[in-house]
Structure formats: structure tokens, C-alpha cells
Amino acid sequence: MIENLFFMNGYGLYVWSAFSFTLVSFLTLFLVIKIQYKKEKNKFLAKFGSLDSERAAFAKSQSINKEILSNISNI
Amino acid sequence: MFKYFGPNKIFSITSKAPKYVLFLFIVILSIGLTEALILSPEDYKQSHSVRIMYVHVPAAWISLGIFLAITFLSIIGYIFKIRNFFLIAKSLAPSGLVFNIIALVTGSIWGKPTWGTWWAWDARITSMLILALFYIMYLVAWRIFEDNDKVFKVTSIITILGIINVPIIKYSVDWWNTLHQPASINILSKSSIHISMLFPLMTMTAAFALFSLLIFLMKYNTELIKIKNKGLDRL
């Protein structure tokens with residue numbers, strides 16, 4: 001049964017390459033997007049950390065929803 | 001009504017959803033792969049090579065679906081000036097392109113044992129390649145243009161031009177003599193595919209749809225944080 005699963009009457013190479021390509025593409029895209037997300041998140045944390053106390057307090061006073069809403073007009 | 005599509009409303013959901021979507025995706029994909037590779041029967045003509053259908057067809061369907069969604073969002077966003085629609089469309093595009101590439105590559109792999117060639121300039125395959133080019137142009141436009149109004153206009157034009165290609169992809173197998181087989185699944189009439197193959201196909205489609213949702217959520221959150229970063233610069 002295992003042998004049949006791998007060789008598939010001579011079509012194994014085609015079937016496994018198609019499935020492998022799909023799964024590798026998924027993994028690559030997932031990792032790329034995750035890296036981009038972490039990069040932006042770290043950038044945000046670094047910027048927030050560099051704010052002086054007055055500005056940091058002001059930024060903290062805004063809820064995340066209000067902050068996003070106020071910034072979306074600049075997309 | 002459109003205020004409900006604002007990022008402030010959506011972010012509270014999109015920031016929490018990815019982990020649940022990832023879990024569901026892994027479960028559905030595992031079921032789909034077991035069905036597609038082990039439990040589903042081989043075809044009387046194509047033997048085991050038919051299993052490539054379980055990745056090729058869902059990838060093609062989803063890449064087309066995402067392009068339709070991007071076009072709809074861009075047009076509505078442009079008419080009603082809803083900038084968040086452009087952000088949603090932009091976040092959908094990467095998974096659309098990857099699914100398009102998967103459809104092309106797995107189709108090519110399937111073509112070798114079935115038609116005896118890796119590639120043919122056949123109507124369906126060529127129109128899918130053109131769709132990939134539109135996806136690339138769309139994503140490149142977002143990188144090239146920094147002015148928002150310009151990028152909204154350019155990406156909307158690209159999607160409007162690209163959408164002309166979608167019915168060509170769908171009906172290419174009916175309009176021209178192609179190597180590609182006609183559709184086996186019809187919503188309006190009886191499908192020619194057996195339930196033992198339809199079930200894994202639908203399961204894999206559900207898994208692929210969940211993956212594109214996962215990538216969309218992650219990308220959308222990234223774009224929102226980018227906006228927040230710009231906001232901090234202005235403080």
C-alpha cells in the first residue's frame with residue numbers, strides 16, 4: 001500500500017511534485033507575510049518607545065480604533 | 001452604511017482571527033490531503049494523475065474569485081471613495097497571485113502525463129497566464145506609485161482591464177478547440193464528476209479558501225500597522 005502511495009502506477013512523481021509545490025508555496029507566502037507583519041510591528045514598537053513622555057501619553061490616550069480611524073484617511 | 005467597513009470596526013476582528021483560521025485551515029487541509037492522496041479513487045482514463053486536480057482546480061477557482069473580489073472592491077471603492085476597500089483589495093492580491101501560479105504550475109505538471117507536454121499556448125492556459133500578469137501589474141502599481149489618488153486610479157484601471165479576461169478564462173474551453181477539458185462541475189446543471197471525487201475537491205477548495213483568508217487577515221493587519229506607524233511619525 002505504501003509503495004502504491006509513493007509510485008501511483010508511475011504517476012507518483014507528477015502527483016507528489018504538484019502537491020509539494022503547492023504546500024511549499026503556501027509555506028513561503030505564509031512566512032513572507034509573517035516576516036512583513038513582525039517587521040512593521042517592531043517598527044511601531046520602536047517608534048512608540050522613542051516618543052517623549054508627553055507624546056507617548058498622548059498616543060496612549062487614543063484607543064487603537066480611534067488611532068486607526070484617524071490614520072485611515074491617509075492611506 | 002459604509003462606515004461599518006471602516007478599519008476601526010474590522011481591526012478588532014482581524015487582529016484576533018488569524019490563529020483560529022490557521023487552526024481550522026490545518027484541520028481541513030489534513031482531511032483534504034488524506035481524501036485527495038489516499039481515499040479518493042483513481043480515474044479510469046488518467047489513473048492516479050487525476051489527483052493533481054485536487055490542487056489545480058481549487059487554486060484556479062480561488063485565484064479567479066480573488067481577482068473578481070479585487071475588481072469589485074476597487075470599483076466600489078473608487079466610486080464611493082472608500083479607501084479601506086482599496087486596503088482590503090491590496091491585502092487579497094498576494095494570495096490571488098500565489099494561487100494563480102499554483103494553478104499554472106500544477107496544470108503544467110498535469111499536462112505532461114496527460115497531453116505529453118509541459119506547456120501549450122492553449123486558450124485556457126494562456127488566459128490564466130494573462131491573469132497572472134494582471135496580478136503582477138496590480139501589485140507592482142502599489143509599489144511604484146506613492147500618491148494615494150494615483151495608485152487608486154491605476155489599480156482600478158488594471159482590475160477593470162483584467163476583469164475582461166475572466167469570462168475568457170471561463171468560456172475559453174467552450175469557445176475554442178483547446179487541449180483543456182471542459183468544466184466537470186456546473187452550478188446550474190448536473191455535474192459530471194462522481195461524488196467520491198467531488199468531496200475531496202470541495203474539501204481542498206475549503207482549505208484553500210481558508211488559507212487565502214488567513215493570508216488576507218495577516219496582510220491587512222500589517223497594512224493597518226503601517227498606517228499606525230505613519231501616525232506616530234506625525235505626533
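1. Let's start with one residue: B:Val166 is partly exposed, because 17 other C-beta atoms lie within 10 Å. (With C-beta atoms placed from the backbone, a residue is buried if 20 or more others lie within 10 Å of its own, exposed if 12 or fewer, and partly exposed in between.) Keep in mind that this is a predicted model, where local features need pLDDT of at least 70 and side-chain atom pairs count only at pLDDT 80 or more, while totals for chains, interfaces and linings use all residues. To find your way around, number residues from 1 along each chain as its sequence is written, with chains lettered from A and ligands numbered from 1 in the order in which they are written.

2. B:Val166 sits in helix 7 of chain B. (Helices here are DSSP runs of H or I with at least four residues, strands are E runs with at least two, and both are numbered from the N terminus.) Setting aside neighbours within four places in sequence, B:Val166 contacts B:Leu64, B:Phe67 and B:Leu68; a contact means C-beta atoms, placed from the backbone, within 7 Å. B:Leu68 is 98 residues away from B:Val166 in sequence, yet their C-alpha atoms are 8.1 Å apart.

3. Now for the partner of that helix. Helix 7 (residues 165-175) and helix 5 of chain B pack at about 160°, and their axes are 8 Å apart.

4. By class, the contact has 8 nonpolar, 3 polar and 1 charged residues. (Ala, Val, Leu, Ile, Met, Phe, Trp, Tyr, Cys and Pro count as nonpolar, Asp, Glu, Lys and Arg as charged, and the others, Gly among them, as polar.)

5. On to the inside: the largest nonpolar core has 65 residues, and B:Ile52, B:Ala59, B:Ala89 and B:Phe99 have the most contacts inside it. (Such a core is a set of buried Ala, Val, Leu, Ile, Met, Phe, Trp, Tyr and Cys residues joined through C-beta atoms within 7 Å.) Helix 4 of chain B gives the largest share, 15 residues. Beyond four places in sequence, B:Ala89 touches B:Ile70, B:Leu73 and B:Ser74.

6. Last, chain A: 4 helices and 0 strands, with 13% of its 75 residues buried.

Methods: Contact = placed C-beta atoms within 7 Å. Axes fitted to C-alpha atoms, helices over the stretch in contact; angles between N-to-C directions.
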